[in-house]
Amino acid sequence: MEVLIFALIALAVVALIGLPMALKIVKQYEQGVLFRFGRLTGTRAPGLRVIVPFADVLHRVSLRIITMPIQSQGIITRDNVSVDVSAVAYFRVVDAVKSVIAIESVGPAINQIAQTTLRKVVGQHTLDETLSETDRINLDIREILDVTTAEWGVEVTLVELKDIQLPDSMKRAMARQAEAEREKRAKIINAEGESMAAAALGDASDTMMAHPLALQLRNLQSLVEIGVDKNTTVVFPAPLMSTIGELGAFLARETAAATAAPVQAPPIAELATTIPRPPQPNGASKAV
């Protein structure tokens with residue numbers, strides 16, 4: 001009787017100890033991988049699961065997307081420019097069995113392969129391509145990681161370059177380049193404006209030549225514009241072309257008058273006879 005009581009007590013103790021070990025809870029975002037005496041027996045879906053204590057081992061594998069920052073890497077681009085590039089990768093486990101059996105630790109392994117892949121891909125591009133074609137670089141890194149991590153039961157969903165640090169000298173050179181590009185565009189736009197303005201002025205001059213009164217109307221419009229500003233000095237524009245024409249005619253007349261033949265002077269004898277003599281006193285002898 002005592003032996004039976006002792007056996008019941010021992011069985012109750014074992015049940016109390018073994019029951020927590022036999023009951024396992026797998027969360028909704030997890031999947032269980034069960035090993036019995038070291039051999040794979042399958043997976044367990046989310047919920048309350050019962051295993052054999054001391055014989056079964058249940059590994060819970062999270063199926064959620066994991067964010068993994070890729071620390072800054074010192075990389076030399078294809079055009080020999082040293083840059084520091086950091087990125088971020090997003091991955092998730094799609095095969096819980098492979099993630100447990102094929103590799104010891106998924107997180108550190110992906111971190112290391114992501115760093116080496118980042119250095120390799122960015123090193124194949126020039127600095128301008130690295131700055132302007134980040135989408136293509138992100139896609140190349142993701143494709144390389146997917147090929148490597150497919151055997152681990154892991155899928156890389158996204159890779160993004162987070163920061164690109166340039167040397168100070170390169171920043172100054174790029175700033176000068178951008179400034180020169182802006183100045184070039186400004187000069188081109190200014191030249192195009194001057195060309196269009198010259199063409200418009202040419203059309204306007206042709207119209208004024210066909211309609212002489214148009215110039216007078218334009219002069220009156222200029223007076224109106226000057227009067228709006230309430231200036232103390234009023235400049236009255238004269239018809240320039242007619243003024244130049246009149247000035248040219250005047251100079252032509254003066255030139256013709258200056259180049260005419262000189263007038264002949266009268267002889268000295270004739271000049272003497274024409275000069276009146278002064279009156280002579282009485283008794284004076286007359287000159288012969």
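## Aspartate 56

Aspartate 56 lies in strand β5, which covers residues 56-62; helices (H or I, at least four residues) and strands (E, at least two) are DSSP runs, numbered from the N terminus. With a relative accessibility of 7%, aspartate 56 counts as buried. Buried here means under 20% relative accessible area, exposed means over 50%, and partly exposed is in between (1.4 Å probe, protein chains only).

The side chains of aspartate 56 and arginine 36 are joined by a polar contact of 2.6 Å. A polar contact is a pair of N or O atoms within 3.5 Å; within protein, one must be able to donate a hydrogen and the other to accept it, and residues adjacent in sequence count only if both atoms are side-chain atoms. Leaving aside residues up to four places away in sequence, aspartate 56 touches Leu34, Phe35, Arg36 and Ile51, a contact being heavy atoms within 4.5 Å.

## Basis of the model

This is a predicted model, in which local features need pLDDT of at least 70 and side-chain atom pairs count only at pLDDT 80 or more, while totals for chains, interfaces and linings use all residues. Residues are numbered from 1 along each chain as its sequence is written, and side-chain values use heavy atoms, with hydrogens and water left out.

The predictor's confidence in each residue is given as pLDDT, from 0 to 100. The mean pLDDT of the protein is 80, and 80% of its residues reach 70 or more. Over residues 268-275, pLDDT stays under 50 and the model has zero contacts beyond four places in sequence. For residues 283-288, pLDDT likewise stays under 50, again with zero contacts beyond four places in sequence. Where pLDDT is low, the predicted coordinates should not be read in detail.

## Overall fold

The protein has nine helices and eight strands. Of its 288 residues, 19% are buried. Among contacts between residues at least 6 apart in sequence, 60% join residues at least 24 apart.

The accessible surface comes to about 21,000 Å², and carbon and sulfur atoms account for 62% of that area. Accessible areas come from the Shrake-Rupley method with a 1.4 Å probe; for residues, only the protein chains shown count as cover.

## Helix α3

Helix α3 (residues 106-123) has 18 residues and spans 26 Å from its first C-alpha to its last, close to the 26 Å expected at 1.5 Å a residue. The expected span is 1.5 Å times one less than the number of residues.

Buried residues of α3 include Val106, Ala109, Ile110 and Ala114. The buried residues of this helix pack against β6 (66-76), β7 (82-93), α2 (96-101), α4 (127-132), α5 and β8 (154-165).

## Salt bridges

Six salt bridges are found in the whole structure, each being a side-chain nitrogen of Lys or Arg within 4 Å of a carboxyl oxygen of Asp or Glu. One of them links glutamate 133 and arginine 136, with the closest N and O atoms 2.3 Å apart. Glutamate 133 is partly exposed at 29% relative accessibility, as is arginine 136 at 41%.

Another joins aspartate 146 to arginine 142, the closest N and O atoms being 3.7 Å apart. These two residues are four apart in helix α5 (residues 134-149), so about one helical turn separates them. Glutamate 181 and lysine 184 also form a salt bridge (3.4 Å, N to O), and both lie in helix α6 (residues 168-210), three residues apart.
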